[in-house]
Amino acid sequence: MQTARFTAAGDLEATPDPRRRLRAPGGRLVLRASAVVAALLAAVPLVYLVVRVAQADGSDIIDALWNARIATLMVNTVGLVLAVSAACLVLGVATAWLLVRTDLPGRRAWLVTSSLALAVPSYVAAFGWIATTDVRGFWGAFLVLTLCNLPLVTLPTIAALRLANSASEDVARTLGRTRWRAFIEATWPQIRPAAFAGVLLVALYVLSDFGSVALMRYQAFTWAIQVAYESLFDRTLAAVMSVVLAMMGIALVAAERRLRGGQARLGSTVAARSAPTLVTLGRWRWLAHGGLGLLAALSLGVPLGALARYLLLRTETSTAVSASDLLADASSTVGLAAAGAAVALALALPIGILAARFRSRLATVTESASYLGLALPGIVVGLSLVFFSLNVAPMLYQSVWMLAFAYGVLFLPKAVGAVRTSIVQVEPGLEDVARTMGLSPARVWTRVTARIAWPGIGAGVLLVALTAMKELPATLLLRPTGTETLATSLWRLTSGTAYAAAAPYALALIVVAAVPALLLTREVAGGKRHPEETL
Amino acid sequence: MSDLQVRKIVAGYDSAPVLRGITFTVPHGSLTAVLGPSGSGKSTLLRVIAGLNRPIEGAIVIDGKVLSGPRVHVAPERRRIGLVPQDAALFPHLDVLANVGFGLPRAQRRARKALELLDMVGMSDYATRMPGELSGGQRHRVALARALATEPDVVLLDEPFSALDAALRAEVRGQVRQVLRRAQTTAVLVTHDQDEALSMADQVAVVDEGRLVQVGTPAEIYAKPVSRWLAQFVGGALVLPGTWNDGAVVGPLGVVPANLADGHVVRPGDIVDLVLRPEQLSVCAMGAGGGPGVIALVRDVAYFGHDAVVTVDLPGCEQPVQARVLGDQQWRLDSEVLVGVRSAGLAFARE
């Protein structure tokens, strides 16, 4: 009896230990190595672009940089970025204030209407405007980009306003401030980080936007890059401009990250919180309804109106695209997006797991590398991968794989975010319990962690796929010859003023874009998600 | 001098006013507590006084100057009224000194004045801290210093201690009272905590469902409440049915001398409610010779050291009865005791 017990105890002690010692570091090493590989792959577009520029003739680069056009393009792009950012800041904060701090009737409905603009891709909105009005150039691009990006400021500001302490505004009033001064001195500092973070995302979007500036014939950097590559065949100029644009994007993302950290640091100073007393608008509410109504009419009414008009027109002329064309484009769009989402997931898994479970310098570095996708405009990633495939891997040039890889890099931040948050939500205690029951780390991952986290990761991957379906500039550069997606067909048809033919594509794209927009707005307005996930 | 007069205030929303005619006066330099259950409209009253809400009817007058009234509405920033909100509401982006100096002219914001105020509330060592680094009690003291910095005529405190834990609350309460006395500031404190109202205030105004129930000194409110509801709201109260017999109530405790509450009229022989405070009951061991009384059974004893609350079952009484007695005696559970009444109770007519 006694000896038997001894053996059993000895077995228990002896068997799991060596296995763990062997497996745990091995598994972690594989995880670290794959995270490093994923981060390096995510950096390929930027690195290769820099290499390409470094290889070019020095005088060519200087020629390109001193080219008078670059200065004009810079002024154009920066001007557009500043104008749209300023407009979004003012309109977004005002809308958020109306929807959170006043007694405006129907605030809930207005919240939905004012976030629906996210469901209209900016180049679809641009199609709507040029198909029905004569607005072009700077004002066209300004209008379209402001209206489409407004929710990026409105939604996080709403979340911050809901968290901000309204009593401090009351205190400021009793200490001698007018209503306006009290807002500026007491409330604005509390919502400023959120509003500015939203504005930086707007700036990033405007910087990288290609479709709407091209359709509006506004000479911005992105369009000029495409023209330099496609029409002028000046690859050095295109590469140099891409590097400049990439640097601007990286600067914006870095600024946005810093601001987000600052927002967390400000924190809350209240223990108990009473519901804010709403400002009575009185007769002003008609003005508020009018303003919000005008914004909704411009951002939703114009594109949808254009759609309705040309969809109805189409049945009469019937010279437009056939249903089979549309179906073929739709299926190739879905296939490409699925491949892109798969690449994004493959790259995101090691980086996300490392960030969620093993906080270290390596985790921080690999996670930062994944944010390159947010900073690099689609046209830059597309162009860099064209050069890369031509010079390094010719068999991949214009292959489905190269485009899927571009999608993977561009939407990596979204995928990493989904993986990280899903895994963070799995209690580490559960993993410990599973380990004490004799499971190896790998088995714990498959039987516990992944089992609990997969719905969140799956939803994230689905969002990546839906976002990839409306991607335009990288798709234009990298798509296999003869393959069209919904986005490229819309672009081609709209550029050729075949508006009636373009309308069904616009409708399909709005349907595609509406899903993530509607899923995410509620959580962004509640402060549970960051607006960059809706980009 | 800055007397604050609240005159017939009706306020809230047009269809359903939260306040329905509130009138009282706060004498200069004194503290009035507005006491009421949650949802009684106390906070709305404070916002009306501060000018953050505009009353539908009535007036707010300080030293004969009308601040709110028919066709008059002085903006909150011109009223010289300070506010200490429930959660202190320090500006999270400003340090302690900048919070205190917020209401001062720009040149004086970091000058001696603000530092003196911090000293007065005992927070001068924390001048450069951010609000997030302070404890709950410290935040309230900074909020008070901030409200006093502009030398307001009146300071309003909105449930200022409800977010603090019990031990801290008594301490901060005492400190705040002292600071207000030293500054000789007229103050209005809103609270649902009767201990807070009775212990801090010179005058208590009880509000229920938007109406004023009674105004008086804490002793008046406690000893001579005008209604049964109020008697039960401020402090523990034992309510016993009985028959009115000119200066006495005949009921489960025998013949108890009693006064009739203000404004109540009854004839001899009418059924009344007799209200007794727990400390008005005496409890004696059987055979100790404690005088007249009714035999009761000890159900529970809560011992606090300085005193004890003995819960007894009284014959003819459905609910257990609580008596507060000195803590110098020991009580056995389920033993018989003699319960008597030490002073005159208060009788209320039945509606």
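Author: Gladly! This is a predicted model, where local features need pLDDT of at least 70, side-chain atom pairs count only at pLDDT 80 or more, and totals for chains, interfaces and linings use all residues. Residues are numbered from 1 along each chain as its sequence is written, with chains lettered from A and ligands numbered from 1 in the order in which they are written.

Reader: How many residues does the largest nonpolar core have?
Author: A nonpolar core is a set of buried Ala, Val, Leu, Ile, Met, Phe, Trp, Tyr and Cys residues joined through C-beta atoms within 7 Å. Buried means that 20 or more other C-beta atoms, placed from the backbone, lie within 10 Å of the residue's own. Among those with the most contacts inside the largest core are F127(A), L490(A) and L509(A), and its size is 172 residues.

Reader: Which helix gives the largest share of this core?
Author: Helices here are DSSP runs (H or I, at least four residues), and strands are E runs of at least two, numbered from the N terminus. The largest share of this core is 17 residues, and it comes from residues 499-525 of chain A, helix α24.

Reader: Where does this core lie relative to domain 1 and domain 2 of chain A?
Author: The domain bounds come from an automatic or database domain assignment. Domain 1 (30-48 + 321-497) and domain 2 (67-266 + 286-320 + 508-535) of chain A both contribute residues, so the core lies between them.

Reader: Which element gives the largest share of the side of chain A that touches chain B?
Author: Two residues are in contact if their C-beta atoms, placed from the backbone, lie within 7 Å. By that rule, 23 residues of chain A touch 25 residues of chain B. The elements of chain A giving two or more residues to its side are α8 (167-174) and α9 (179-208). The largest share, six residues, comes from α8(A).

Reader: Which are the edge strands of the open sheet in chain B?
Author: Strands pair if DSSP finds at least two bridges between them. The six strands of this sheet run in the order β7-β8-β9-β3-β10-β11, with mixed pairing. Pairing on one side only marks the edge strands, β7 (81-84) and β11 (211-216) of chain B.

Reader: What is the bridge partner of L83(B) in β8(B)?
Author: β7(B) and β8 (residues 154-158) of chain B pair in the parallel sense over four bridges. In β8(B), the partner of L83(B) is L156(B).

How values were computed:
A residue is buried if 20 or more other C-beta atoms lie within 10 Å of its own, exposed if 12 or fewer, and partly exposed in between; C-beta atoms are placed from the backbone.
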